[in-house]
Amino acid sequence: MEYPCIFLHMWEPFRQQLISNHKFYVEQAQKRLLSQFEDISGEADKYAEEWLSRASQWFDPDRHDPDDFQVQAYDESIDFYGLLTDMHNQTRLSVIAGMYHEWDKQLRDWISGILINHCMGGRETKTAIWKATFDQILDLLKCFDWQVREQPYFAQIDACRLVVNAYKHGLGDSLIKLKRKYPQFLKDILGGGLPADELDPFLDYTHLKVVDEDLATFSNAIIAFWN
């Protein structure tokens, strides 16, 4: 009876450690960072009240209309809400970027270790793995009969990669690919529900938009990959 030769093998305790560390990162990021944005509306209302309190010292009933102060306080709260919302999105993107880059480094480190151990490679092998593009890494895994591109989780990892690269590099190939493949991560700045191709001239990296569900989806895809 013939047994297949297993070239890529991951020690199970090591696999579980990778997954455990990944889950810890996501859970703590939600607890320590993202949870601070849970009540943006309430904070904006409080900001309006504080603005009114500060501005009251300048109120002169003979010259000012109280409604004008109320309107100004509302406008101030809207600006505050918008700034906090943008900060929330930027924080979430930063968390996703850290999560993706850690996965990418762990994958390259593991592959280079496997190749060196099996092929008696050395520094050149490790350097080649770390210089390889994402597609080249996938092609290498395909040579070992690991068809990553055909797995259910691949689209989520691919989307995560493009979101992170567009966030990091701004205008570039990743943004172009993101528009074409995963336009849902670029917010509709015209508010008309237009498809990405019609909005294309107006969209850039400043319009990246992710939500908590996206973080969970990307995280689950990475866990599925390691499993």
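Predicted model: local features only at pLDDT ≥ 70, side-chain atom pairs only at ≥ 80, totals over all residues.
**Exercise 1. Work out how α1 and α9 are oriented to each other, and what their contact is made of.**

Step 1. Helix α9 covers residues 212-226. It packs with α1 at an angle of about 170°, and the axes are 10 Å apart.
Step 2. Angles over 145 degrees count as roughly antiparallel. So α1 and α9 are roughly antiparallel to each other.
Step 3. From α1, the contact uses Arg15, Leu18, Ile19, His22, Lys23, Val26 and Gln30. From α9 come Leu215, Ser219, Ile222, Ile223 and Trp226.
Step 4. Sort these residues: seven are nonpolar, three polar and two charged.

**Exercise 2. Classify the ring pairs Phe134–Phe154 and Phe225–Trp226.**

Step 1. Two values describe a pair of aromatic rings: the distance of the centres and the angle of the planes.
Step 2. Phe134 and Phe154 sit 6.5 Å centre to centre, with 10° between the planes. This pair is stacked.
Step 3. Phe134 is in helix α5 and Phe154 in helix α6, 20 residues apart, so the pair links distant parts of the chain. Phe134 is buried at 10% relative accessible area, and Phe154 is buried at 14%.
Step 4. Phe225 and Trp226 give 5.2 Å and 70°, an edge-to-face pair. Phe225 is buried at 3%. Trp226 is buried at 3% too.

Notes: Residues numbered from 1 in each chain as written. Heavy atoms only, no water. Axes fitted to C-alpha atoms, helices over the stretch in contact; angles between N-to-C directions. Helix = DSSP H or I, 4+ residues; strand = E, 2+ residues; numbered from the N terminus. Parallel < 35°, antiparallel > 145°, perpendicular 65-115°, else oblique. Contact = heavy atoms within 4.5 Å. Nonpolar A, V, L, I, M, F, W, Y, C, P; charged D, E, K, R; others polar. Phe/Tyr/Trp six-rings, centres within 6.5 Å; stacked < 30°, edge-to-face > 60°. Buried < 20%, exposed > 50% of the residue type's maximum accessible area, 1.4 Å probe, protein only.
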